[in-house]
There are 2 protein chains.
Amino acid sequence: MTTESSAPQAIHRLAQAAREASRHLATTPSDLRTGVLLRLAQELDQRAAEILSANAQDVSAALGVIDPSALERLKLDAVKLDAMAKGVRAVADLPDPLHQVLLRRELDAGLELTRVSCPLGVLCVVFESRPDALIQISALALKSGNAVLLKGGSEARHSNAALLAAVQAALRNTGLPEAAVQGLADRAAVAALLQRPDLVDLVIPRGSRELVMSLQAATRIPVLGHADGICHMFLDAAADTAMAVALVRDAKLQYPSACNAVETVLLHREAAARLLPALVADLVPRGVELRGCPSCRDLVPAIAPATDADWDAEYGLPILAVKVVADLDGALAHIRAHGSGHTEAIVTEDPATAAHFLAEVDAAGVFHNASTRFADGFRYGFGAEVGISTGRIHARGPVGLEGLLSYRYLLRGSGQRVEDYAGPAARPFTHRDLIPDA
Amino acid sequence: MTTESSAPQAIHRLAQAAREASRHLATTPSDLRTGVLLRLAQELDQRAAEILSANAQDVSAALGVIDPSALERLKLDAVKLDAMAKGVRAVADLPDPLHQVLLRRELDAGLELTRVSCPLGVLCVVFESRPDALIQISALALKSGNAVLLKGGSEARHSNAALLAAVQAALRNTGLPEAAVQGLADRAAVAALLQRPDLVDLVIPRGSRELVMSLQAATRIPVLGHADGICHMFLDAAADTAMAVALVRDAKLQYPSACNAVETVLLHREAAARLLPALVADLVPRGVELRGCPSCRDLVPAIAPATDADWDAEYGLPILAVKVVADLDGALAHIRAHGSGHTEAIVTEDPATAAHFLAEVDAAGVFHNASTRFADGFRYGFGAEVGISTGRIHARGPVGLEGLLSYRYLLRGSGQRVEDYAGPAARPFTHRDLIPDA
């Protein structure tokens, strides 16, 4: 069901079919959108052999061609497949995000306004080697009534085709339009869609910084995501040593390639002599390379010198930049200059300093005495994660299903005309909220 | 305080100053943001003579150069100025939109997540001849803690300079940075900013369809607004004749140039013979020109023939296109093909048909037995209107102050690390909402 051609007309037809499918999904009752996901989980179980054999084809072709970590992400096995099916069932179990009444207000007697959640429409998702992204994003899209056009990495071609076949079988067997989830043949198809804000409502990249930036540069369609995750931890003068060390270790080492891993630790001048040796003693034996400013190297000469590039680096590796700053304002200035608006943390026992940091830092996540690694949709309790956004428009931070939603205003009247509410003898509106705090 | 130069460096400095001012505003207490607006209202009162004389300069230069309706919008008088000051006081009186706790959730004992509203940052507002837009948008921006860069029409140059001086005096006298509201000298300055998504967070056009479309085409920065307002009313077979006529009259004539005025009326085939003559009898004596499909002209030969272009026209004038459709599905298909996603209405006494229409139509506003003219932030009870958006991302429909807001996630912990919540012996999250229904 992947397009055979990326000619503009073919892309247009495909996107048009997606739009029609999205209209259908928008008014589909909750149990059908849940049903298609339960069926998909079943298809994944039943088609395990087929999917793993398609994946083996991709893996053998990629051996020696892509790097070992990408190969690891590409490779599927029974355990990963089982986790995929479980993930789909978990999305099925989430409350229906559609048709939620977000506001209900009497404008006047017999004139009632409601604001009701609805799908965005058509999503275009571009992902790199990890084929499980196809299943995850399809599940999120269907649950929220959106159609989705998917472009996976070419090295995962066979795996993606087998997974897409499972999704389309689930759609078919539930009586939903197969056009709701379609594959895009190549980059030319993506490029053609990026020029059409009328056909696609949201672009979601799942992959490298380069992928995100290239999509952002190529389109006026909103792109949900983040290019950089340059997260800082500021260890204040009043930081507890043991807590500071444990939090930096977790934020750096628990999963170094995550976007919410810490890249730079800022040390308050008054505490650097106490904290830096403790960090070094804990992290260096665990294989972390530290790169420091001159003040850091004065304190611990074994630390490698940091260059300017280190303050803007997202290592994705067990490397940590360390810098001494004069005070909280110095930390705030450094974060303003080098942060990517993802997640920033302070470690301090002083509540006033913490409050100041939380008030001042402009980032999707601002943390006090907690690891930056908590910045995650599942840990926040969203049940599912569409991605993490560093944009300020629409959704920010870890984005759950609500990032795939818009809303409509429904007004139910009994013949009201605006002219009766205008002019000197205007009838007043009541503007009475019928659901408090909506 | 308007820029003298539109050289890229000058624009960059100006936007940088706006960014710094926006950071300042973001943490400014509510009473200062209210205070600056009360002061602005006072400045408008005190500077009335000065502002009106500047405006008189613009008006005399524009006489015979711009069309009469544009001249009307350009012209200020004591009444309009008073209304501007009242509008500013009304925005001052709105509840503080910042620092609102939108979600509060315990992730685990001693680990609490909150989602808190914050400003978007820096807005770029481009408006046409109506100089009161400068005051209205400045008030909305300051109330919500945003900085704003303003470009008005060159025909209102002196008026805008006088109004901007009032805003900057209010900022100065309240101890807030004047860079929070700055003027842009020319289109080149706007063009330079449109290329910098890093400097501007949201573009807001206030003016013609052409202005909106040209800004949308020129930038990757989100643009809040709508190009078209092609609104339909479907008069169902079960429509009450008197109500249908009264609603069409209101939606067409109460303010024909509004974006939420009706442009096309769709008539159910079974009711056309009853409804169309009634519409003609009511509207034609009021100066409305009707343009109809062949079936309409069979019923009332005096109606002018509609061409294909009429189904996509936003007249802004007392002209109404009328078309007979086979049934509800015919109306839905016409709206899908020709609607602009702004506001669509049905008139019917049949609740099932109304429910179907409300469920199916994908538009910012979908109305039953009410005039399309109700699609408006003030009528919806938002207290202020930033604009009306037909986009699905961020804000849709009439947009109040919330359209100028984003949010941050604050996480307050006591040393929690993610590694304790991972792996086989993972500590579970509690995910307990502390504010119900947030």
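Reply: In this predicted model, helix 1 of chain B, residues 8-26, packs against helix 8 of chain B, residues 187-194. The angle between the two is about 70°, and their axes are 10 Å apart. Because an angle from 65 to 115 degrees counts as roughly perpendicular, helix 1 of chain B is described as roughly perpendicular to helix 8 of chain B. The crossing of helix 1 of chain B with helix 8 of chain B is right-handed.

The contact can also be read residue by residue. Helix 1 of chain B brings B:Pro8, B:Ile11 and B:Ala15, and helix 8 of chain B brings B:Ala189, B:Ala192 and B:Leu193. By class, the residues of this contact are six nonpolar, no polar and no charged.

Now the side of chain B that touches chain A. Here 58 residues of chain B are in contact with 58 residues of chain A. Several elements of chain B each supply at least two residues to this side, among them strand 1 (101-108), strand 2 (111-119), helix 10 (241-253) and helix 14 (351-360). Strand 16 of chain B gives the most, with 11 residues. The residues of this side of chain B divide into 26 nonpolar, 16 polar and 16 charged.

Strand 16 of chain B also pairs across the two chains: its partner is strand 13 of chain A, residues 365-370, in the parallel sense and over five bridges. Within this pairing, B:Tyr409 in strand 16 of chain B stands opposite A:Gly365.

Notes. Residues are numbered from 1 along each chain as its sequence is written. Chains are lettered from A and ligands numbered from 1 in the order in which they are written. This is a predicted model: local features need pLDDT of at least 70, side-chain atom pairs count only at pLDDT 80 or more; totals for chains, interfaces and linings use all residues. Axes are lines fitted to C-alpha atoms, for helices over the stretch in contact, and angles run from 0 to 180 degrees between N-to-C directions. Helices (H or I, at least four residues) and strands (E, at least two) are DSSP runs, numbered from the N terminus. Angles under 35 degrees count as roughly parallel, over 145 as roughly antiparallel, 65 to 115 as roughly perpendicular and the rest as oblique. A crossing is left-handed if the near helix is turned anticlockwise from the far one by less than a right angle, and right-handed if clockwise. Two residues are in contact if their C-beta atoms, placed from the backbone, lie within 7 Å. Ala, Val, Leu, Ile, Met, Phe, Trp, Tyr, Cys and Pro count as nonpolar, Asp, Glu, Lys and Arg as charged, and the others, Gly among them, as polar. Two strands pair if DSSP finds at least two bridges between them.
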